[in-house]
Amino acid sequence: MTAPFTHDPTRLLEDHASSSLRRDLELARAARVDYPSDAGLARFEATLAGASTLPAGGSLAGLAVLRWFLGVTAVLSLTLGIAWLSSPSPPQPAMAVAPPTSRIEPSPTPLQPAMAATSPTPQPMPAASPSSPLATATAQSPPMPAAPPSGSTPPKPDSPTASKPASQAIASLDEARLIDAARKSLAEDPAHTLELTEQAAERFPAGAMIEERRGYAILALITLDRPKAEQLASEYLERWPKGPLARRIRDGLGIPALLP
Amino acid sequence: MKDPIRPGIDQRMLEAPPPRHYDAASLFRQHAPFVANFLHRLGVGQAELDDLVQEVFLVAHRRGGFIDDGRARPTTWLAEISIRVASVARRSHRRSREQPDQDTVSDAQSREIDPVRSIETQQALDRVQAALDSLEPERRAIFILFELEGESCAAIAAGFGIPVGTVYSRLHKARKQFRDAHTRLLDRERKPLRRPERATVTP
């Protein structure tokens, strides 16, 4: 018995029945990687100081989604902006080009979950208690429409479809930036993350990044107010059990992972 | 002495000092070499070793550091994170090495003056690593922690969040697999090396 506290089996290193195996294991046990701890620590502390946060669990999915979203939104807003500015008459066919996914496109139909909050019907996911920051945020008024670019012609009354997607795309870009800022501050300043997510909820209650916004808010609350985080997490995981942030939330709260 | 209510938890462990918190930086100072070794034994190559060590401690940071309550040890807790990080990295890169970068290890520990002894040491390390590679990731991790890092089964169970009986079971299977693989490797080395070539030349 080598371990003092348990009835562990005899280690192979102490098994006298197999000398060659024991010898090899002794050598392997003595072999150590020459890791430069000082340099590694300096890099690690620099990373922490820069608040560089990759998603927990080693997954790059959340970061990839955010980057993808920012990129697509930027291209979309640029395309729509150019088309809108260069069209004195009814919109060109290019204006009708849909973005690659329904998640980016703020559909006017009430069937989209993201738009459900603006409709009189309640959201599919019940919001948190009234004292919850998420609940407070989701109960706010609709987002303020983004102002048109200065110096540009005002939207024409006969082309509402041209101005609406453009302003929505700009709003989506702002929302994505806000969520990205919340993500970046999570490691160093979770309170700021919570503040930014609340701000996002106020400005974009029916935004396209509700899942990320609520996810980062829960991750921040794990540090700030764990009972509240647990309460919100159950609703979140019920709605997005396999979302990019679901695993981090489970890890943070010690909730068992989903069975494959 | 076992706790009658919680089998696998020793009574002396329950009488441990009050919980103590370790932040990620202090964990890094104390256990970065352990994590590097463990990742390497899991099959991580030298090129990505530092990145993954950083990743392990970033995850530790995001989890709020380690609270030593007398059950899990920092090493087993970090090992659990390392397994996840290595697994994700393996999937991301879509590659898994057959052999780890043994040069890293040999440079560090095998500065033997005697060249024959150095070669023997290198062969022994290759055998151990090849036998480790034959194990499934979960069993390999438990085997490394128990046999090479000297962790107790209770600490491994607490670190991985699994019952200690599961650790015993996986360890038992891992040891059998490891022994079989090691024996096969030894037998292969003892056979004449040139036999296949002779067979092709002789009509």
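## Chain composition

Helices (H or I, at least four residues) and strands (E, at least two) are DSSP runs, numbered from the N terminus. On this basis, the elements of chain B follow the order α-β-α-α-β-α-α-α-α-α-α-α from the N terminus, which comes to 10 helices and 2 strands. Chain A has 9 helices and 0 strands, and its elements run α-α-α-α-α-α-α-α-α.

The model is predicted: local features need pLDDT of at least 70 and side-chain atom pairs count only at pLDDT 80 or more, whereas totals for chains, interfaces and linings use all residues. Residues are numbered from 1 along each chain as its sequence is written, while chains are lettered from A and ligands numbered from 1 in the order in which they are written.

## Burial and contact range

A residue is termed buried if 20 or more other C-beta atoms lie within 10 Å of its own, exposed if 12 or fewer, and partly exposed in between, with C-beta atoms placed from the backbone. Buried residues make up 43% of the 203 residues in chain B, and 33% of the 260 residues of chain A.

Two residues are in contact if their C-beta atoms, placed from the backbone, lie within 7 Å. In chain B, 71% of the contacts between residues at least 6 apart in sequence join residues at least 24 apart. In chain A, residues 24 or more positions apart account for 61% of the contacts with a separation of 6 or more.

## Nonpolar cores

A nonpolar core is a set of buried Ala, Val, Leu, Ile, Met, Phe, Trp, Tyr and Cys residues joined through C-beta atoms within 7 Å. The largest has 62 residues, and B:Leu39, B:Val53 and B:Val56 have the most contacts inside it. At least two residues of this core come from each of helix 1 (19–30) of chain A and, in chain B, helix 2 (24–41), helix 3, helix 4 (74–93), helix 6 (115–133), helix 7 (137–148), helix 8 (153–160) and helix 9 (164–190). A second, separate core has 30 residues, including A:Ala200, A:Phe204, A:Leu245 and A:Ile249.

With residues up to four places away in sequence not counted, B:Val56 touches B:Val35, B:Leu78, B:Ile81, B:Ser82 and B:Val85.

## Helix packing between the chains

Two packed helices are described by the angle between their axes and the distance between the axes. Axes are lines fitted to C-alpha atoms, for helices over the stretch in contact, and angles run from 0 to 180 degrees between N-to-C directions. Helix 2 (residues 37–49) of chain A packs against helix 3 (residues 46–62) of chain B at an angle of about 50°, with the axes 10 Å apart. Helix 2 of chain A is therefore oblique to helix 3 of chain B; angles under 35 degrees count as roughly parallel, over 145 as roughly antiparallel, 65 to 115 as roughly perpendicular and the rest as oblique. The crossing of these two helices is right-handed; a crossing has this hand if the near helix is turned clockwise from the far one by less than a right angle, and is left-handed if anticlockwise.

From helix 2 of chain A, A:Gly40, A:Arg43, A:Phe44, A:Thr47 and A:Leu48 meet B:Asp50, B:Val53, B:Gln54, B:Phe57, B:Leu58 and B:His61 of helix 3 of chain B. By class, this contact has 5 nonpolar, 4 polar and 2 charged residues (Ala, Val, Leu, Ile, Met, Phe, Trp, Tyr, Cys and Pro count as nonpolar, Asp, Glu, Lys and Arg as charged, and the others, Gly among them, as polar).

## Helix 9 of chain B and its partners

Helix 6 and helix 9 of chain B pack at an angle of about 135°, with their axes 9 Å apart, and are therefore oblique to each other. Their crossing is right-handed. B:Arg127, B:Ala130 and B:Ala131 of helix 6 meet B:Phe178, B:Ala181, B:His182 and B:Leu185 of helix 9.

Helix 7 of chain B packs against helix 9 of chain B at about 90°, with the axes 9 Å apart, so helix 7 is roughly perpendicular to helix 9. By class, this contact has 7 nonpolar, 1 polar and 6 charged residues.

Helix 8 of chain B is mostly covered, with 8 of its 8 residues buried. B:Gly161, whose phi is positive, near 70°, follows this helix.

B:Thr76 lies in helix 4 of chain B and counts as buried because 22 C-beta neighbours lie inside 10 Å. Leaving aside neighbours within four places in sequence, B:Thr76 is in contact with B:Leu145, B:Glu151, B:Ala155, B:Ile156, B:Ala158, B:Gly159 and B:Phe160. The C-alpha atoms of B:Thr76 and B:Ile142, 66 residues apart along the chain, are separated by 9.5 Å.
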